[in-house]
Amino acid sequence: MRLVVGITGATGVIYGIRLLEVLRGYPDVETHLVISVPGRRTIGEETAFAAKDVEALAAYHYDNKDTGASIASGSFRTAGMVIAPCSIKTAGAIAACHSDSLVARAADVTLKEGRPLLLLVRETPLHLGHLRRLVALAEMGAVILPPMPAFYARPKDIDDIVNHTVARVLDRLGLPQTLVAEWRGTSRAGQGEPGG
């Protein structure tokens, strides 16, 4: 199973990094990574990683200017693409089918081939122009999956918050995960009674 991962310049590059770290534990998943130039800068600003360290987490990595790379073609079969984080600039380019970068082209290919495209959009607040682009992307088949902390899980630290979103990505891709337990309801009564 090939999975494309994009990391762009929005804040929250740890989501893409953690996703790559977790995916290394799946022997049947082959990761293909592309990092935008602003994404490289944000990795240095927000984490202790260098871009080359993040690239080493993937099976393959590409230059964002290389629009002739394998992941730019629909004939290169993948199980989908996750952009984590996804900047509004990148979301707007994908919504407009403006494929002047490999991230945008690979996303466009993912949509045209009917494969899952998950966008961890990181921007707040959102103005009407942002919302219209996100609606257009949802209409095109993309999954808009902004990283939203789930406080019902009582996170103890940032890792818990990051892992929750990564678990949601894995769930959406149909990959088994143990980062976050399945929700069982708010009370014992809400869990249902065993059949007999």
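Biologist: Which side chains meet in a salt bridge at 3.8 Å, N to O?

Modeller: A salt bridge is counted when a side-chain nitrogen of Lys or Arg lies within 4 Å of a carboxyl oxygen of Asp or Glu, and in this structure the side chains of lysine 52 and aspartate 53 meet that description, at 3.8 Å from N to O. This is a predicted model, in which local features need pLDDT of at least 70 and side-chain atom pairs count only at pLDDT 80 or more, while totals for chains, interfaces and linings use all residues. Residues are numbered from 1 along each chain as its sequence is written, and side-chain values use heavy atoms, with hydrogens and water left out.

Biologist: Are lysine 52 and aspartate 53 buried, partly exposed or exposed?

Modeller: The classes rest on relative accessible area, where buried means under 20%, exposed means over 50%, and partly exposed is in between, computed with a 1.4 Å probe on protein chains only. Lysine 52, with 59%, is exposed, whereas aspartate 53, at 32%, counts as partly exposed.

Biologist: How many salt bridges does a search of the whole structure find, and which residue does arginine 2 pair with?

Modeller: The search finds 9. One of them joins arginine 2 to glutamate 30, with the closest N and O atoms 3.5 Å apart. To place such a pair one needs the helices (H or I, at least four residues) and strands (E, at least two), which are DSSP runs numbered from the N terminus. Here arginine 2 belongs to strand S1 (residues 2-7) and glutamate 30 to strand S2 (residues 30-35), so that the pair, 28 residues apart, links distant parts of the chain. Arginine 2 is partly exposed at 30% relative accessibility, and glutamate 30 is partly exposed at 27%.

Biologist: Where do arginine 18 and glutamate 21 lie?

Modeller: Both are in helix H1 (residues 13-23), 3 residues apart, which is about one turn of the helix, and their side chains form a salt bridge at 3.0 Å, N to O. Arginine 18 counts as buried, at 13% relative accessibility, while glutamate 21 is partly exposed with 31%. A network of salt bridges links Arg18 and Glu21 with Asp159.

Biologist: Why is helix H5 described as largely enclosed by the rest of the structure?

Modeller: Helix H5 (residues 102-112) is described in that way because 9 of its 11 residues are buried. Among the buried residues of H5 are Leu102, Val103, Asp108 and Leu111. After H5 comes glycine 114, whose phi is positive, near 75°.
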